[in-house]
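Dear colleague,

I am handing over the structure we spoke about, and I would be grateful if you could look through it alongside the notes that follow.

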Amino acid sequence: MRALLRRFARGMSEVAFPPSCVHCRALVETTIAIGDTGDGRGFRHLCARCVTQLEFVQPPHCTTCGHPFYGIVEGGRRCEKCEGLEPAFCEGRTAVLFKGPARALVIELKYHRGLHVLADVEEVLRRSPHVLELVRGATLVPVPLHARKARERGYNQAVLLAEVLARAAGAGTRVEALLRRVVDTKTQTAFDRRTRMANLKNAFALAPRATLNPDHHYLLVDDVFTTGSTLNSCARTLRRAGALRLDVVTFAHG
Ligand SMILES: [Zn+2]
Ligand SMILES: [Zn+2]
């Protein structure tokens, strides 16, 4: 009954505010009246045309960052971008390329308080079997924001992303905020890569009272994989705290 009411309420809000596509602003045809299976799945904030433009990652891909390899892969399983990374984690996977509609979803979520697009983020993840397969049953650790930034934004998108990922994966997958960011990296973009890396090195610490179980599978979660240096810094902290099985998942690769 409650689910029915929720669907009704959602239907009403969509009548009052017809959803527009976050990427191209076209009206999104919802399937609320006909064809909705009632499980709440399907895209609500991307139009059908933009959904077809999502670039889903398919294996084979770089084992460190998840970027797809095109054509025939011989030899190395790590892409050029990851060569200098020395990852402290084992494997990295990503759902989509950080382009077009996927980029629009992330920007809406991160900078425009567009928490409603999480439903579409979840839908993307549900269509990414190689990500869900790695995530299933693991303990998801979101990349933390510095307290100042978290206050400013009001939420940490990596936490919200980890939550929808845990829901999509099911099978006891859970979220534990085991890390905190101790260095405010506000002005990071002003530094060159070398300085940024040095600053990032000690930017993270274990959250108060956090403990790790060496038998658990831990998975760092972030919205976008760019250089991988933030994720790697988090990974080093978890390794020092005793994580033996540690992988990385990002929503998009950019
Ligand atoms: Zn669109
Ligand atoms: Zn790579």
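In these notes, a donor is an N, O or S atom within 2.8 Å of the metal (3.2 Å for Na, K and Ca), and because water is not among the atoms, sites may look incomplete. This is a predicted model, in which local features need pLDDT of at least 70 and side-chain atom pairs count only at pLDDT 80 or more, while totals for chains, interfaces and linings use all residues. Residues are numbered from 1 along each chain as its sequence is written, chains are lettered from A and ligands numbered from 1 in the order in which they are written, and side-chain values use heavy atoms, with hydrogens and water left out.

**Zinc sites**

The zinc ion (ligand 2) is held by the SG atoms of Cys-62, Cys-65, Cys-79 and Cys-82, at 2.2 to 2.4 Å. Its four donor atoms subtend angles of 102 to 114 degrees, and the arrangement is therefore tetrahedral, a term that for four donors requires all angles to lie between 85 and 135 degrees. Along the chain these donors follow the spacing C-x2-C-x13-C-x2-C. Cys-65 and Cys-82 are both buried, that is, under 20% relative accessible area with a 1.4 Å probe and protein chains only (exposed is over 50%, partly exposed in between).

The zinc ion (ligand 1) is coordinated by SG of Cys-21, Cys-24, Cys-47 and Cys-50, at 2.3 Å. This site is also tetrahedral, with angles of 104 to 118 degrees among the four donor atoms, and the donor residues are spaced C-x2-C-x22-C-x2-C in sequence. Cys-47 and Cys-50 are buried.

**Strands and helices**

Helices (H or I, at least four residues) and strands (E, at least two) are DSSP runs, numbered from the N terminus. Strand 6 (residues 217-225) has nine of its nine residues buried. Strands pair if DSSP finds at least two bridges between them; strand 6 runs parallel to strand 2 (residues 139-142), joined by four bridges, with Thr-139 opposite Tyr-218. Strand 6 also pairs in the parallel sense with strand 7 (residues 245-253) over eight bridges, and His-217 has Arg-245 as its bridge partner there.

Helix 4 (residues 118-126) is mostly covered, with seven of its nine residues buried, among them Asp-120, Glu-122 and Glu-123. The elements that cover these buried residues, by contact (heavy atoms within 4.5 Å), include strand 1, helix 3 (100-111), helix 5 (129-135), helix 7 (157-169) and strand 7.

With best wishes

Technical notes. Tetrahedral: all angles 85-135°; square planar, octahedral: opposite > 155°, others 65-115°.
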